[in-house]
Every structure is written in structure tokens, then in C-alpha cells.
Amino acid sequence: MTGHNSSDRHAYHPVLPPLRLTDIRSALDELQLRPTKSLGQNFLHDQNLARTIAAAAVPGHAAFAVEIGPGLGSLTAPLLERCDRLLLIEKDARLAEWLRGKLPADRVEVVHADAIEFDWRPLMAQGPFPLAGNLPYYATSPILRNWLGPCSPVTRAVFAVQDEFAARLAAGPDHADYSALTVRTQRLWTVRRERSLPPSVFFPEPGVDSALVVLERRDAREFPPVRATFFDDLVQRGFSQRRKQLRALLKAPLGLWQEWSAKHGLSPTCRAENLSLAQWIDLARTLDPSAATPAQHDGETFDVVDESDRVVATRPRREVHDGNLLHRAVHILVFNHSGELLLQKRSAWKDREPCKWDSSAAGHLEPGEDYDAGAARETEEELGIRPQLTPIGKIRACSNTGQEFVEVYTAIHDGPFVLPPSEIESAGFFPVETVRAWVANRPGDFAPGFWEVWKLYQAANEH
Ligand code: SAM
């Protein structure tokens with residue numbers, strides 16, 4: 001796909017016909033296709049609603065957006081009026097092929113693929129984007145799981161879903177619809193059930209009511225940090241037997257539980273559905289020992305070094321950083337057995353480069369510590385692993401590294417990792433090709449120290 005000149009952005013005249021009921025029928029005839037129930041094929045034939053959904057997904061204008069399950073293109077045409085480029089993911093090969101013939105190839109890429117398994121990681125190089133879809137109802141949960149996780153590049157998701165599912169996504173505490181799905185989704189996303197969609201706006205009419213939901217990614221600092229896997233497991237366990245008291249389900253120590261529930265004005269016999277989202281987050285932070293690590297310690301001291309990396313003094317962290325004094329750090333690049341690189345997203349609570357992507361693990365050396373010992377300690381503290389580390393080179397102190405001499409190591413490990421939430425917001429493995437394109441297209445997504453580490457890694461692997 002190529003870029004589109006924004007000055008003629010609204011000049012697109014859809015090749016797709018406006019999809020009224022008769023048009024849908026004739027398109028299906030042309031394709032000799034009967035809507036497939038197992039693929040959730042209920043096509044939208046209300047053009048006002050299609051425009052409403054597109055406007056909810058892209059309120060202004062977007063350079064790029066993704067649509068899941070475009071079908072015959074009811075939503076695609078109004079989306080294309082609001083976006084320079086679109087990626088469409090359609091599981092039905094016949095529909096994907098048909099759409100390809102109807103849409104401008106320089107602005108729309110139609111991929112024949114399953115959105116449940118679609119590898120969105122290469123899309124990181126596009127930057128954050130909105131996601132839209134009139135979703136096949138059988139696949140709503142796994143599609144959300146794939147696309148709306150902690151590392152996802154999606155900023156806003158607008159979906160037509162089964163009304164019952166929308167009610168569960170948007171529910172509040174003390175309600176029968178409030179569930180593990182609600183709490184896990186709402187930790188990362190605000191959810192609004194925008195409006196209902198009657199069966200009559202679809203062909204064929206589904207047997208259930210539908211609703212439009214709008215999900216917007218929360219600011220990373222809206223709630224204190226929690227470890228995603230710990231939080232999700234805790235919530236899942238808490239809701240596993242709704243009628244059972246939460247303390248018994250979580251096997252929480254009595255004293256701690258009484259203190260915690262009193263602090264929140266909750267009965268010690270409360271159930272999962274009685275806790276607000278903020279209370280769930282506080283509970284996870286109370287029960288997870290790794291939540292206690294602060295983002296940085298003000299009392300830390302570092303060795304200060306000269307131009308030849310020889311230790312000349314030991315000074316407090318702030319003095320070293322404020323005075324741009326030369327000091328030492330390690331970066332570790334962890335690869336899995338498929339050769340993909342683990343990148344971490346720095347926590348929003350870090351004082352330096354918050355929310356930027358960075359090496360798998362990195363940190364300053366402690367006073368008197370050498371590089372190898374520092375690398376082993378940081379890998380264990382930040383990832384909870386002790387792999388064999390291989391040094392691949394050293395970076396001279398410079399402004400990009402924050403005046404750090406950096407020794408870089410690689411390791412191989414498939415996880416799982418235990419990530420301290422105050423340091424790391426999330427982490428994921430990315431193919432090296434993806435990292436290369438992502439760093440080239442959007443260097444600002446990364447901590448500047450990582451640019452230098454990446455340069456060194458690429459140079460080391462050229463030979
Ligand atoms: N967007 C169109 C509309 O509003 O008329 C079609 C919506 S229809 C409810 C769902 C669409 O998703 C169908 O085109 C179906 O073939 C497609 N689909 C079903 N399962 C899918 C999956 N796992 N991944 C991608 N598309 C899928």
C-alpha cells in the first residue's frame with residue numbers, strides 16, 4: 001500500500017455499491033454465496049448505522065485503521081471516507097477476493113486470514129490505530145483476546161457484538177453481568193455500550209439483539225501498576241464460583257483479608273462481584289509480592305567513571321543524572337527459540353523514558369559491581385530468569401545512552417517471565433524483521449538507549 005494524499009482524502013467515490021438489502025442479495029447472487037452461519041455472516045444493510053459505526057471508530061480522521069470481518073463491505077465504504085489506508089481481515093476467501101476487486105488497492109489491503117490468530121505485531125510499525133468490526137459472534141471473545149491485550153497497538157476499538165456480550169463488557173459492580181471478562185477488559189479499556197442494533201438491520205436476521213460497543217485504551221497512569229498475568233489469574237479465580245466468598249476462593253490469609261476489606265469498606269464475606277475495578281487492582285497489588293518494587297530508588301548510588309570507563313567516584317543517582325556524569329549500565333536482549341526478540345515497554349511510573357519500548361532487560365550497575373554480575377542481576381530482577389548470558393559488545397557513553405557505558409548481552413529463553421509492574425508495563429516477543437521496520441519507522445516509540453543497542457546488535461549480526 002502507498003500513502004494517500006490527505007488533500008483529496010474525501011474525494012474517494014466508493015467502488016462498492018451502497019449496501020441496501022437488495023444490493024446485499026444481488027452481491028450474494030453474483031458470488032453464488034449463501035451466508036455461512038458458522039462464520040457469523042449477518043450483513044449490515046442500514047447505511048445510516050454503518051456511517052454511525054464508522055464515525056464511532058474514527059471520530060475525526062485516521063492515517064490507518066483495521067477492520068475485522070468486512071464481509072461485503074458495509075462498514076468499509078464509510079470507514080474509507082475517514083481513513084487514508086485500511087487493512088481488512090476476512091476469513092471467507094470468496095469475500096476477500098470479491099472485495100479486492102471492488103476497492104482501490106493503493107489504499108486498501110484485503111487479507112484472507114483468521115482475525116483470532118492474526119499476527120498484528122508487524123503493525124506496530126504503523127503506529128497506534130483504531131480497530132472496527134461488525135464481529136462474527138462465535139469469535140468475539142478470542143478476537144478481543146488477540147487484539148486488545150497489554151502490548152496491542154490498538155487505541156480504540158468499536159465493535160458490533162451480541163447485546164449480551166456488550167452488557168458483560170460494560171457492566172459495573174454488584175450486577176449479574178459483572179464478570180471476569182468485565183474486570184480484565186476494563187483494566188486496560190474504558191467500555192461504553194453505545195446503542196442497540198436490532199436484528200432487522202442485518203441480513204439474514206440474527207436470532208439475538210446486538211449492540212455497538214466503544215472501547216478506548218486507558219491512560220497507563222490511570223491506575224497504579226499491576227502485573228497483568230497475576231491480575232488476570234486472580235480475577236479469573238475470584239469469579240470462578242460467583243456465589244462463594246472471595247477470601248475462600250483466593251485463599252487469602254485471614255488477618256490480611258480483614259484489614260484489606262475494612263480499608264475498602266467491604267464486608268469480609270464479600271464476593272467477586274462486589275469489588276470495583278480500583279479495588280481489584282488494589283487487591284492484586286496487595287497479594288502480589290512483585291508489586292512492591294518501586295520504579296526507582298532515590299537512595300541509589302552509582303559508580304561514576306572516566307572517559308576510559310575507570311571508576312573514579314560513587315555518587316547518588318540524582319547527582320549522576322542531573323550532572324550528566326559518566327556511569328555504567330547493562331542491556332540484555334532475550335530471544336526465544338524462534339529467534340524473536342523480547343521487548344519491554346517501560347512503566348509509566350519510570351522517571352526516564354516512561355512508556356517507551358526498550359531492551360528485554362536493562363539497568364544500572366550497583367557500586368562495585370562488574371558488568372557480568374550486573375547483567376545477571378538485572379535479568380533476574382526484571383524478568384525472573386537466570387539464563388546464560390553472552391556479551392556481544394560495548395557502547396561508549398553518549399547522550400542517547402544517558403551518559404552510560406553499556407555492555408550488551410544476549411540470551412535465549414522462552415519465558416514465562418515475572419515482570420515487576422512498577423518497572424515494566426508489558427513485554428512481548430517480536431520478530432527481528434518487525435523490530436527493524438518499527439525502529440526505522442517510529443524511532444520515537446523506543447528509548448534512545450535502545451537505538452544504540454539495536455545498532456550494535458545489527459552490526460554484530462551483519463557478519
Ligand atoms: N462487516 C460486514 C457487515 O457489517 O455487513 C460483515 C459482518 S458479519 C457479522 C462477520 C464477517 O466476519 C463475515 O464477513 C465473516 O465471513 C467474517 N469472519 C468470520 N469469522 C472470522 C474470523 N475468524 N476472522 C475474520 N473474519 C471473520
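Is strand β5 (residues 129-134) mostly covered or mostly open, and how many of its residues are buried? I looked up β5 and found it mostly covered, with six of its six residues buried, where buried means under 20% relative accessible area with a 1.4 Å probe and protein chains only, exposed over 50% and partly exposed in between. I note that this is a predicted model, in which local features need pLDDT of at least 70 and side-chain atom pairs count only at pLDDT 80 or more, while totals for chains, interfaces and linings use all residues. Residues are numbered from 1 along each chain as its sequence is written, and side-chain values use heavy atoms, with hydrogens and water left out.

Strand β2 (residues 62-68) runs parallel to β5 and is joined to it by three bridges, with E67 opposite A132. Strand β6 (residues 154-162) is also parallel to β5, through six bridges, and there P130 stands opposite R156. Between β5 and β6 the chain passes through helix α5 (residues 140-147) in a right-handed β-α-β crossover, that is, clockwise from the first strand over the helix to the second when the strands point away from the viewer.

Next I read the whole sheet, which is open, has seven strands in the order β4-β3-β2-β5-β6-β9-β7, and shows mixed pairing. Because β4 (108-112) and β7 (189-197) stand at the edges with a single partner strand each, one side of each is left without a neighbour in the sheet. I saw that helix α2 (residues 47-57) packs on the sheet and touches β5, β6, β7 and β9 (210-217), its direction making about 150° with that of β6; contact here means heavy atoms within 4.5 Å, and angles run from 0 to 180 degrees between N-to-C directions of lines fitted to C-alpha atoms, for helices over the stretch in contact.

Last, I checked the largest nonpolar core, of 55 residues, in which W147, L148, F159 and F450 touch the most other members; such a core is a set of buried Ala, Val, Leu, Ile, Met, Phe, Trp, Tyr and Cys residues joined through side-chain atoms within 4.5 Å. Helix α15 (residues 448-460) gives the most to this core, with five residues. Leaving aside neighbours within four places in sequence, I found F450 in contact with residues including L333, W357 and V439.

Definitions and conventions
Helix = DSSP H or I, 4+ residues; strand = E, 2+ residues; numbered from the N terminus. Pairing = 2+ DSSP bridges.
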